[in-house]
Structures are given as C-alpha cells and as structure tokens.
Number of protein chains: 2
Amino acid sequence: MTIKMSDIAKAAGVSLATVGRVLHNNGYVSEEKRQEIERIIKETGYIPNRIAQGLKKSRSKIIGHLTLFNPNMQYQEISSAVNAAAAESGYQVLTLTCHQGSGEEEQQINDLIGHRVDGVIITSYQALSQEWIGRLLERQIPVVMVERTYDMPLVDRIVVNDLAGSKEAVRHMLHKGHRRIAFVGAALDYQVEKDRYAGYLEALKEAGIVPLEQWSQLMPGYSVEAGRKAIDELLHARVSPTAVFMTSDIFACGVLQVLYERGLRVPDDLSLIGYDNTLSALLSPPITSVGLPFEKIGDHAIRLLLRRMEDPGVSACSVGIDPFLMDRHTVRERQEEQSL
Amino acid sequence: MTIKMSDIAKAAGVSLATVGRVLHNNGYVSEEKRQEIERIIKETGYIPNRIAQGLKKSRSKIIGHLTLFNPNMQYQEISSAVNAAAAESGYQVLTLTCHQGSGEEEQQINDLIGHRVDGVIITSYQALSQEWIGRLLERQIPVVMVERTYDMPLVDRIVVNDLAGSKEAVRHMLHKGHRRIAFVGAALDYQVEKDRYAGYLEALKEAGIVPLEQWSQLMPGYSVEAGRKAIDELLHARVSPTAVFMTSDIFACGVLQVLYERGLRVPDDLSLIGYDNTLSALLSPPITSVGLPFEKIGDHAIRLLLRRMEDPGVSACSVGIDPFLMDRHTVRERQEEQSL
DNA sequence: GTGAAAGCGCTAACAC
DNA sequence: GTGTTAGCGCTTTCAC
C-alpha cells in the first residue's frame with residue numbers, strides 16, 4: 001500500500017487538515033507540529049496523490065498535446081519546449097502523436113477529455129477538423145493552436161510569421177546577387193504554405209523579378225521523395241535557377257541527395273536555403289535555414305493556456321512569432337555579369 | 001459543468017449502478033433500459049471521468065515514459081511505438097523527456113509517482129541511477145528498461161542484440177572485400193557501446209584481421225561534431241581504412257560532412273555503415289544502417305508492463321530484440337588485389 | 001434485474 | 001491553531 005495523507009496524520013498525531021496546511025503551506029500550524037509533520041513526510045517519502053487532488057479540485061494538472069509524427073524534428077522540438085514550460089508551472093503533458101490521415105482523432109480527443117486535461121495544445125495538426133476542436137470547447141477546455149491554426153472564437157493561436165521568414169530568406173539570396181530563384185514547397189492547402197509562398201513572391205517582386213512558373217514546385221506533401229522530384233524538375237527547367245528556397249528541411253534532404261548523385265555541389269553549383277532549422281544542421285553540407293524559436297513557442301503556448309484557465313471567456317488572441325535566418329553559408333555570392 | 005454518470009442515470013430514470021452496467025457491459029440490464037441509456041450517452045456525448053475511475057480503482061491507466069532528448073530520432077520512434085501499443089491496451093503515455101545531465105530526475109520520478117502511473121518505461125536513460133528506479137519499485141510500480149538496462153530484480157528489460165547487429169554490419173563489409181575497417185563509437189561506459197564494439201572486434205577476428213588501434217575512434221558522446229573529429233583522425237591514420245562502421249547515424253552526419261568538404265565520395269572513396277536507421281535515410285547519400293524494429297520494442301515494453309501489473313512478483317525477464325541491416329549500398333565491392 | 005451505499009485520497013469550508 | 005466533515009465522480013458489493 002502506498003502511504004497516504006491519513007497515515008502521515010496518524011503518525012504525527014494530528015488531523016488531516018493540519019497535514020494539509022503543512023503541505024500547502026497555508027493556515028497556521030505551530031512550529032513544533034510543522035517540524036514533526038515535515039520530518040515524517042520526508043522520512044516516509046510521501047508524495048500526494050494527484051488523482052485524488054484532481055478529483056477534488058476538478059483539475060488534473062495535465063495538459064494535452066496533439067501533434068504529428070513526422071520525420072522532421074520540429075514537433076519534437078516544440079514538444080520538448082512545451083514539456084519544459086509546463087513543468088515550470090506544475091503541469092505534466094500527455095502527448096498524443098497522430099500519424100497523418102490515420103483517423104485517430106476521435107479516440108485521441110476522447111482520451112484527453114476522459115483524463116480531464118486542463119488544456120490542449122495542438123501543433124500543426126493539419127488533419128484535425130474544427131469539429132473535434134469543438135468537442136474540447138464545449139467542455140470549456142482551453143485550446144491553443146500552434147503554427148497551423150483556425151480562426152475560431154475562444155481558441156488562442158501562436159502564429160509564426162512565415163511570410164517574413166521566407167521573405168528574409170529570399171532577400172538574402174537576392175542580396176547575394178541571385179535572380180533566378182526557385183521555390184519548393186507543399187501544396188497551398190494551408191496558411192503556412194500560402195504565407196511562405198507569398199513571401200517568396202513578394203521578395204522577388206520587390207526586386208522587380210517575375211519568376212518562371214517552372215520555378216515553383218508545389219509538392220503534394222513534405223517528404224524526401226518530394227524534394228528529389230522537385231529538384232529533378234528544376235534541373236530540367238528551360239532556364240535553370242541558381243538558388244532554391246525550400247519550405248522544409250526535409251525537402252532539402254531529397255534535393256541534396258539528387259545533387260550528390262549528379263556531382264553538383266552546394267553552394268558552388270546551386271545555392272540553398274531550407275526551413276525549420278532542424279535537419280539542416282545535420283546535412284552535407286549543413287544548410288542555411290529559417291529557424292523558429294522553439295522555447296518561445298512552448299512558453300507562449302503554456303502562458304496562453306494558463307490565461308484562459310483563469311478567465312475562460314477572454315477573447316481569443318494571436319501571438320506572432322518571428323523566425324530568424326540561421327546562416328550556414330549555402331548561398332553563394334554571384335557577380336553582376338552572371339545574373340540573368 | 002461537464003456531464004457525469006449521475007446525470008445519465010437521472011435522465012434515464014435509473015440508478016448509477018445500472019448505468020455502470022451498461023458502460024462496462026457486465027451484469028444484467030433489460031434490453032429496454034440498455035437501449036435508452038445508450039441513447040442518452042450518445043446524445044449527451046458523455047465521457048467517463050478517468051480521474052474518478054482512477055481514484056476508485058487505484059489505477060490511473062497512465063504509463064510513464066522516461067526518455068532523452070536527442071537529435072537522433074530513435075527515441076521519438078520508440079516513443080511513438082510505445083504510445084501506439086499503450087493505446088491498444090487502453091493506456092495513455094505521459095512522456096517525460098530529460099535533457100542529459102540536467103538533474104531533472106528526482107522531479108520527474110516524483111511527478112510520475114504523483115500521478116500514480118501504472119508502470120514506467122525507461123528508454124536509454126543513461127543518467128538515471130538505480131536509486132531513482134528504486135523509488136518506483138518501492139511503490140510496486142512496474143518498470144521496463146529499454147536498450148540501456150540495469151540488471152535489477154523485478155525490472156524487466158528489452159535488450160537489443162547489439163553485438164549481433166554490429167557483427168552483421170562488419171561482416172557485410174568483409175564480404176564485400178574490405179579488410180581495413182574502422183570503428184566510430186561512443187565511450188565504452190555503457191553496455192550498448194561495449195556490445196557494438198565487441199561485435200566489430202569479433203567479426204574482424206573471425207576473418208583473421210587485427211585492426212590498427214588508430215581505427216577505433218571512441219568519442220566522448222553522440223554528436224555531429226564527434227563524427228567530424230573521428231573521420232578527421234581516420235583520414236590521417238597511418239594506414240587509412242576503406243570502410244567505417246559507426247554506432248550511430250548521428251556520427252554519420254559529421255562523417256559525411258567532412259567527406260563532402262574534401263570532395264571524397266561514398267561509397268567510391270570510403271564505405272560506410274551507420275546505426276539506428278533513422279537519419280541514415282535522409283543523408284546524402286542515404287547510408288546503410290543497422291535498424292531496430294521499433295514497433296516490436298514498443299509492443300514488448302507494454303506487454304512486459306501489463307504482465308507485471310497482473311503479477312508483480314514475477315521474476316524479471318529480458319527480451320532480446322534482433323536488429324537488421326538496412327542496405328542502402330554504401331559499402332563498395334572491392335577486388336582482391338586492392339586489399340591490404 | 002435493479003438500487004443503495006460505502007469509500008478511493010484529498011481539499012477546504014466551517015466549527016471549536 | 002486545530003479538528004470535523006462533506007463531497008469530487010466513479011465502482012462494486014450486497015440487498016431486495
């Protein structure tokens with residue numbers, strides 16, 4: 001049998017309430033008894049039963065995190081940041097990792113509700129429809145969405161300024177003298193990808209460049225294979241690009257593989273910039289990538305959740321996060337005369 | 001207010017017990033009432049409160065998973081597999097990710113105990129001393145260790161047959177005609193690394209080869225940087241190797257970077273095999289790697305936990321898992337006359 | 001077939 | 001300063 005509060009009380013010859021006062025450090029307890037109770041707690045290694053606390057207080061002190069399994073590591077990074085931030089506020093995180101398109105949503109949402117989580121963070125969960133989120137809201141469970149968000153009342157959002165991120169990346173290429181710049185991204189079904197594509201187009205527009213249609217490779221999803229296909233197309237373009245901006249490091253993996261096979265070098269033969277700043281550091285060569293401040297994202301997510309727990313009716317807010325460019329020198333300097 | 005069992009009972013005009021019988025599908029309930037109760041449950045979207053269930057049954061239906069944050073993705077894979085296996089048995093997983101050497105252990109163990117997890121899976125947690133594991137055992141919480149294990153009574157283990165894995169990798173190189181084969185691993189503080197090194201040595205011994213001391217690069221830890229340093233040493237060896245076996249894909253990242261910088265190609269100039277089969281598929285070129293069957297590991301971990309929950313006194317057992325060689329053709333065929 | 005009731009371990013309002 | 005007590009939502013034994 002595990003030791004419980006009443007055991008402590010009995011051993012110390014006091015009531016449950018007094019033990020409770022010592023544990024929560026509130027109310028008056030004589031110094032003498034306090035010492036004695038603390039001694040017994042330490043000695044017996046008593047740890048309060050969170051389940052009982054949860055039942056009593058209608059707070060589980062557990063936060064749910066719905067995320068995707070993904071070969072890229074950004075979700076792992078966010079998950080880690082969320083865990084750390086939650087722990088600081090005395091919460092634990094129940095992470096449910098969904099495999100895209102698996103139809104596990106209902107079960108997962110029910111599991112979270114069943115455990116009476118105090119809030120839910122949804123990270124880049126493309127597959128999760130508003131209906132499921134509604135199930136949480138009905139029950140007054142605060143929800144924060146990260147990166148791929150819906151504009152729903154009562155749902156707070158953390159929005160990465162992807163337009164600025166991709167614009168900065170493409171501008172970096174422009175400053176280095178590139179004018180034939182290609183884009184590799186996923187289908188424009190989601191806001192993130194729309195923004196990243198818009199950033200690309202805007203930066204070019206500022207420079208007075210109209211990109212060839214062939215230079216925009218919009219792939220069905222994020223994968224190494226998609227990266228391979230994209231670069232294959234680009235290398236066969238009527239006018240081939242001198243630089244390629246990709247909306248995910250996972251595309252970069254495929255791109256680098258094809259270049260490697262053909263004996264083309266980065267940045268000598270082609271300049272590259274990726275996105276997420278996760279895998280990019282591990283590749284050959286390590287590539288410049290747009291990075292996200294993961295800890296900041298985790299902190300904000302928890303903060304928004306806590307805010308809404310205190311005041312469930314507060315109107316939804318949207319926190320903007322600025323990405324940064326992690327330069328690993330994979331954009332080559334080009335001379336004027338070389339440009340198109 | 002969330003809806004609860006008594007609400008269902010009231011709406012159906014029956015007692016709590018009858019609703020309970022319907023929910024758990026045991027005991028006799030008239031078909032009529034059953035239908036009515038089921039209808040109301042569906043209509044109201046009632047979801048049982050796991051916290052109350054947990055308190056009553058002294059079972060949280062939560063399993064703890066202690067793991068490491070790591071740029072390699074093996075833990076993410078294992079985590080995913082554990083989640084899936086747990087879900088199949090009606091459990092959820094509370095994953096606590098530790099950053100090596102951070103001293104978070106006590107807090108994390110206490111959190112798990114506080115939540116009264118029904119069992120704990122410990123994955124490759126080099127930093128976790130037996131003392132902390134003892135805290136769990138004292139409380140009769142079943143523990144399964146994966147990969148880096150201690151030989152403790154009542155602790156079940158999942159042991160990867162790393163000796164066989166690395167032996168197979170090195171034999172593969174030998175079959176292809178290599179005789180100058182180098183080893184890049186982490187310090188031999190842990191059994192995994194000892195086994196992997198032993199497999200390397202045994203395979204060479206079988207072939208009657210005595211490796212140069214310089215060919216064994218035992219690095220302080222797993223990192224890209226360590227991979228870079230190791231290959232640097234190997235390229236400057238008195239007699240340079242034609243093939244390199246690495247105990248982690250993360251080393252391969254660094255190795256490939258250095259080779260790339262020097263214009264050396266894989267497998268033309270150097271043959272490579274990695275370990276874990278995670279990052280290896282993403283690199284340029286994708287490299288042959290020793291892979292672990294992650295789902296199997298997750299399944300076994302959960303199975304062992306469930307077994308011990310039923311029968312806490314059962315003697316500790318150790319499940320062996322065989323790795324496999326994922327061939328991506330990064331070991332070049334060598335002619336006889338080229339060998340040493 | 002169905003219901004009443006005790007109690008899981010803890011919290012907090014209230015009484016002394 | 002300290003103790004008593006009424007639940008939190010559910011399970012399950014026992015009685016009818």
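In which hand of crossing does H1(A) pass H3(A)? The crossing is right-handed. The legends below describe close-up views of a predicted model.

**View 1. Packing of helices H1 and H3 in chain A.** Helix H1 of chain A covers residues 5-12, and helix H3 of chain A covers residues 31-44. Their axes lie 10 Å apart and form an angle of about 130 degrees. From H1(A), the residues in the contact are Ile8(A), Ala11(A) and Ala12(A). They meet Glu36(A), Ile37(A), Ile40(A), Ile41(A) and Thr44(A) of H3(A). Of the residues in this contact, six are nonpolar, one is polar and one is charged.

**View 2. Helix H8 of chain B.** This helix runs over residues 162-175, which makes 14 residues. From first C-alpha to last, H8(B) reaches 20 Å, close to the 20 Å expected at 1.5 Å a residue. Its buried residues include Asp162(B), Lys167(B), His172(B) and Leu174(B). Also buried in H8(B) are Gly165(B), Ser166(B), Ala169(B), Val170(B) and Met173(B). Just after the helix, Gly177(B) has a positive phi of about 100 degrees.

**View 3. Surroundings of Ile109 in chain B.** Ile109(B) belongs to helix H6 of chain B, residues 105-114. Its relative accessibility is 1%, so Ile109(B) counts as buried, the cut-off being under 20%. Apart from neighbours within four places in sequence, Ile109(B) contacts Leu66(B), Trp132(B), Arg135(B) and Leu136(B). Val120(B) is eleven residues away along the chain, and its C-alpha atom is separated from that of Ile109(B) by 9.6 Å.

Conventions: Residues are numbered from 1 along each chain as its sequence is written. Chains are lettered from A and ligands numbered from 1 in the order in which they are written. This is a predicted model: local features need pLDDT of at least 70, side-chain atom pairs count only at pLDDT 80 or more; totals for chains, interfaces and linings use all residues. Side-chain values use heavy atoms; hydrogens and water are left out. Axes are lines fitted to C-alpha atoms, for helices over the stretch in contact, and angles run from 0 to 180 degrees between N-to-C directions. Helices (H or I, at least four residues) and strands (E, at least two) are DSSP runs, numbered from the N terminus. A crossing is left-handed if the near helix is turned anticlockwise from the far one by less than a right angle, and right-handed if clockwise. Contact means heavy atoms within 4.5 Å. Ala, Val, Leu, Ile, Met, Phe, Trp, Tyr, Cys and Pro count as nonpolar, Asp, Glu, Lys and Arg as charged, and the others, Gly among them, as polar. The expected span of a helix is 1.5 Å times one less than its number of residues. Buried means under 20% relative accessible area, exposed over 50%, partly exposed in between (1.4 Å probe, protein chains only).
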